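Hi,

Here is the structure I said I would pass on.

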Amino acid sequence: MIVRHTTPNLNRCLLTVSSSDSIKAATKQVAEDLMVYYTGDQPGDTPGNLPDPYYWWQCGAMFGSLLDYYYYTGDDQFNAAVTQGMLHQVGPYNDYMTPNQTKTTGNDDQGFWALSAMSAAEQKFPNPPSDKPQWLALAQAVFNTQASRWDEVFCGGGLRWQVFSFNTGWDYKNTISNGVFFNLAARLAIYTGNQTYADWAEKVWDWTVAVGQMSPDYHFYDGAHTGENCTDINRIQWTYQPGVYLLGAAVMYNFTEDEKWRVHVDKILNTTERFFSLPAFPNVMVETACEPYNTCNTDNYSFKAYLARWMAATTKMAPWTYDVVMEMVRPSAAAAALQCSGGSSGTICGAKWTDGAKWDGSMGVGQQMSALEIMQSLLISRVAPPLTNSTGGTSIGDPSAGSGPTFNPDLPQGVIQHRDRVGAGFLTALIILSGIGSVWWMIS
């Protein structure tokens with residue numbers, strides 16, 4: 001299949017979905033157009049930040065797309081900026097708790113930075129200098145800080161959306177925060193071989209089901225409020241919600257070889273097809289909650305990127321899914337390439353892949369990320385599986401990272417919160433004591 005734009009820049013946006021060279025050329029253009037929005041590597045700017053209107057988390061997520069770009073293509077032109085930005089934002093305690101982002105730090109925000117660090121470890125992205133925090137240790141630090149926030153006082157468990165009580169959303173337990181934690185726990189389990197991470201993944205999955213944020217037929221909803229004991233489920237469905245659980249379940253199957261996880265993978269993948277089901281555009285991804293209504297916001301535009309990323313990664317952990325996944329990836333990638341026809345260059349990507357080569361008039365980081373991830377996912381069969389510490393991974397870990405001091409503006413100035421150690425070697429006992437421990441964590 002060959003996709004051509006109808007703009008004057010015809011030669012710059014040619015995509016043949018079966019040709020590695022064509023895919024690499026097209027994704028290079030999309031990635032370069034993405035990096036136009038990033039100024040953190042420029043003198044006087046802050047590494048790891050995007051300008052307004054983008055929130056802090058989206059820069060961490062963007063770095064994840066650029067890590068994937070290097071993984072798929074071998075093009076290292078963005079590596080220095082990615083390393084610089086990811087290290088600059090680690091915070092004073094190397095756990096992605098950054099003091100200048102307190103008004104926007106949710107568990108999902110912090111978690112997206114951790115997932116990028118986890119990808120760097122799995123993909124053998126160049127390690128930071130030895131005197132800097134390492135990718136695996138950063139992922140472990142975020143895991144430990146989030147394990148310490150597991151709250152069984154309200155809704156029988158789960159992570160709140162927001163980290164700090166003064167932020168709007170503190171009283172909301174959302175699916176993506178818990179899904180990112182689940183995804184991270186599963187990937188840490190298989191990377192390190194430590195069963196305790198897998199135990200936490202099971203715990204998060206079980207809670208998601210019990211509280212109703214995943215329906216019996218595997219639809220994932222947005223979240224619910226603690227004041228209602230999480231009974232007021234917000235049933236809006238976004239692409240990234242099933243995506244984050246899909247990859248986590250696939251990793252758990254690969255790690256445990258338990259058939260229940262194979263069932264979960266198949267059923268999530270089946271319900272994910274709802275985002276590829278417009279009759280006129282079969283197998284083309286649509287953000288159904290906002291795209292048809294022209295109501296997508298800056299964050300929403302990026303959600304398709306994560307579903308594309310996690311669907312492709314799932315095929316490495318659950319190889320039997322490859323054909324089904326690629327039946328959706330190929331048409332979506334072709335449609336996305338057509339939509340990258342805007343701006344003065346004729347290469348800027350819009351959001352509505354169902355609009356064909358007629359640019360929808362939108363542009364931004366999310367649109368570029370989504371196009372980049374779906375297009376480079378075409379290369380998934382041509383790259384090695386994610387590494388572990390027993391299959392060639394070289395990132396240095398620290399099971400106790402994130403278990404010491406942490407930044408907490410809820411406390412009086414000058415007071416540092418010290419958490420009980422929740423490193424992997426100590427987590428099993430904490431699972432048993434979670435009822436007691438969660439109370440302490442909530443009031444400390």
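Predicted model: local features only at pLDDT ≥ 70, side-chain atom pairs only at ≥ 80, totals over all residues.

Below is what turned up, starting with the whole chain and ending with a few single residues.

The chain has 14 helices and eight strands. Of its 444 residues, 61% count as buried. Take the contacts in the chain with a separation of 6 or more, and 67% of them are between residues 24 or more positions apart. The chain exposes about 16300 Å², with 53% of that supplied by carbon and sulfur atoms.

The largest pocket holds about 470 Å³ of space. It is lined by 21 residues, and the closest to its centre are Trp57, Asp108, Asp109, Trp161 and Asp299. Helix 4 has the largest share, with three residues. Sorted by class, the pocket lining comes out as nine nonpolar, seven polar and five charged residues.

Then there are the cavities. Searching the whole structure gives four of 30 Å³ or more. The volume of the largest cavity is about 240 Å³, and 21 residues line it. Nearest its centre are Glu122, Gln123, Arg187, Ala313 and Pro386. Which helix gives the most to this lining? That would be helix 10, with six residues. At least two residues each come from helix 2 (56-73), helix 4, helix 6 (175-192), helix 8 (240-256) and helix 10 (303-317). By class, the lining of the largest cavity has 13 nonpolar, three polar and five charged residues.

On to single residues. Ser377 sits in the loop between helix 12 (365-376) and strand 7 (405-406). Is Ser377 buried or exposed? Its relative accessibility is 0%, so Ser377 counts as buried. Leaving out residues up to four places away in sequence, Ser377 touches Tyr72, Ala308, Arg309, Ala312, Met326 and Val329. Take Ala308 from that list: 69 residues separate Ser377 and Ala308 in sequence, while their C-alpha atoms are 7.0 Å apart in space.

Asp52 and Pro53 are joined by a cis peptide bond, with omega at about 15 degrees. Pro53 belongs to the loop between helix 1 (20-35) and helix 2.

There are also two residues other than glycine with a positive phi to point out, Lys124 and Cys155. For Lys124, phi is near 55 degrees. This residue lies in the loop between helix 4 and helix 5 (135-147). How does the accessibility of Lys124 class it: buried, partly exposed or exposed? Lys124 counts as partly exposed because its relative accessibility is 44%, between the 20% and 50% cut-offs.

For Cys155, phi is near 65 degrees. Cys155 is found in the loop between helix 5 and strand 3. With a relative accessible area of 10%, which is under the 20% limit, Cys155 is buried.

That's the lot from my side.

Cheers

Note on methods:
Residues numbered from 1 in each chain as written. Heavy atoms only, no water. Helix = DSSP H or I, 4+ residues; strand = E, 2+ residues; numbered from the N terminus. Buried < 20%, exposed > 50% of the residue type's maximum accessible area, 1.4 Å probe, protein only. Contact = heavy atoms within 4.5 Å. 1 Å grid on protein atoms, 1.4 Å probe; cavity = no way out; pocket = protein on both sides within 12 Å on 5 of 7 lines; lining within 4 Å. Points joined across faces, edges and corners; volume = space filled by probe spheres on them. Nonpolar A, V, L, I, M, F, W, Y, C, P; charged D, E, K, R; others polar. Areas by Shrake-Rupley, 256 points an atom, 1.4 Å probe, with all protein chains shown as cover.
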